Amino acid sequence: MELETLVHELDLKVACAEGQLKKEVKGGYVGDLLSDVMANSKEGDIWITRQVHQNIVAVASLKDLAGIILIQGSEPAHDTAAKANAEGIPILVTDLPAFEIVGQIYKLIKP
Amino acid sequence: MRESSKFEKSFDVEGGSFQKAGNVSGQIKSILKDLGVPTDIVRKVAIICYESEINIVSYAKKGTITLAVTDNAVNIETKDEGPGIPDIDLAMKEGYSTATAAVREMGFGAGMGLANMKKYSDHLIITSEVGVGTCVKMTVMNFPKLLHPDLTPFNI
């Protein structure tokens with residue numbers, strides 16, 4: 001499923017890299033420990049986290065993730081947004097907590 | 001005798017600079033892609049490079065990461081001017097960490113760094129001297145390990 005479809009279906013706010021929403025979402029990973037995400041996420045995953053500092057962009061970029069969803073209305077830090085735009089890593093924001101947004105994503109991409 | 005590298009480059013990493021953390025790993029990933037290294041090897045190297053970079057940023061004053069690519073392997077060697085590791089066996093245990101609260105708040109320091117570096121490399125050797133620094137040599141083999149059980153990157 002394209003990232004753009006997730007954005008529309010789940011009413012996500014696009015905070016960064018609006019032009020990169022054609023990326024294919026193949027799966028997902030949830031975590032706030034960057035080493036865990038670095039080790040265990042897979043290419044094309046959408047990453048759900050509440051970390052907002054700029055190192056999330058490096059992890060998403062190195063692991064070729066489809067994008068990042070920040071939970072509970074968390075906004076990316078200023079330098080995070082700048083880096084995400086520069087590197088073309090979409091950052092999306094939901095007002096929902098992780099459990100609820102993950103449940104909805106799972107229903108959409110693993111029917 | 002060690003096979004001569006077809007590509008070798010060293011990168012400086014600045015201690016404490018979380019803003020730049022990941023930059024060296026990104027450069028190394030791009031180089032490996034350009035060299036035509038298989039994607040699964042690039043992914044493993046990206047993980048061990050990133051963990052190495054975060055370790056230098058988190059603990060050391062400064063360090064270097066050296067990439068050496070041969071036909072058979074990708075070698076990563078890190079050297080830092082840091083506090084050193086008093087008990088390497090303990091440090092290798094997943095979950096053990098001496099990271100500060102500030103580092104942990106960023107989602108690092110969960111005691112997974114060295115464990116990930118070991119898990120995603122085919123060979124890893126750590127030497128460390130307390131008060132001087134730490135050196136980690138890692139190799140990701142560029143061919144199926146099972147076909148060459150007796151080969152190590154340090155004797156090919």
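Modeller: Let's start with what covers the buried residues of α4(A): the cover includes β1 (13-16), α3 and β5 (91-93) of chain A. Contact here means C-beta atoms, placed from the backbone, within 7 Å. Helices (H or I, at least four residues) and strands (E, at least two) are DSSP runs, numbered from the N terminus. This is a predicted model, where local features need pLDDT of at least 70 and side-chain atom pairs count only at pLDDT 80 or more, while totals for chains, interfaces and linings use all residues. Residues are numbered from 1 along each chain as its sequence is written, and chains are lettered from A and ligands numbered from 1 in the order in which they are written.

Biologist: Thanks! Which residues of helix α4 of chain A are buried?
Modeller: Thr80(A), Lys83(A) and Ala84(A), in a helix that spans residues 78-87. A residue is buried if 20 or more other C-beta atoms lie within 10 Å of its own, exposed if 12 or fewer, and partly exposed in between, with C-beta atoms placed from the backbone.

Biologist: Switching to strands: how many residues of β3 in chain A are buried?
Modeller: Five of the five, residues 45-49, so β3(A) is largely enclosed by the rest of the structure. Asp45(A), Trp47(A) and Thr49(A) are buried on one side, Ile46(A) and Ile48(A) on the other.

Biologist: Which strands pair with it?
Modeller: β2(A), residues 27-30, pairs with β3(A) in the parallel sense over four bridges; pairing needs at least two DSSP bridges. Tyr29(A) has Trp47(A) as its bridge partner. β4(A), residues 67-70, also pairs with β3(A) in the parallel sense over four bridges, with Ile46(A) opposite Gly67(A).

Biologist: Last one: how many residues of chain A are in contact with chain B?
Modeller: 15 residues of chain A, which meet 18 of chain B. On the chain A side, α2 (34-40) and α3 (55-62) are the elements that give two or more residues, and α2(A) gives the most, with five.

Note on methods
Contact = placed C-beta atoms within 7 Å.
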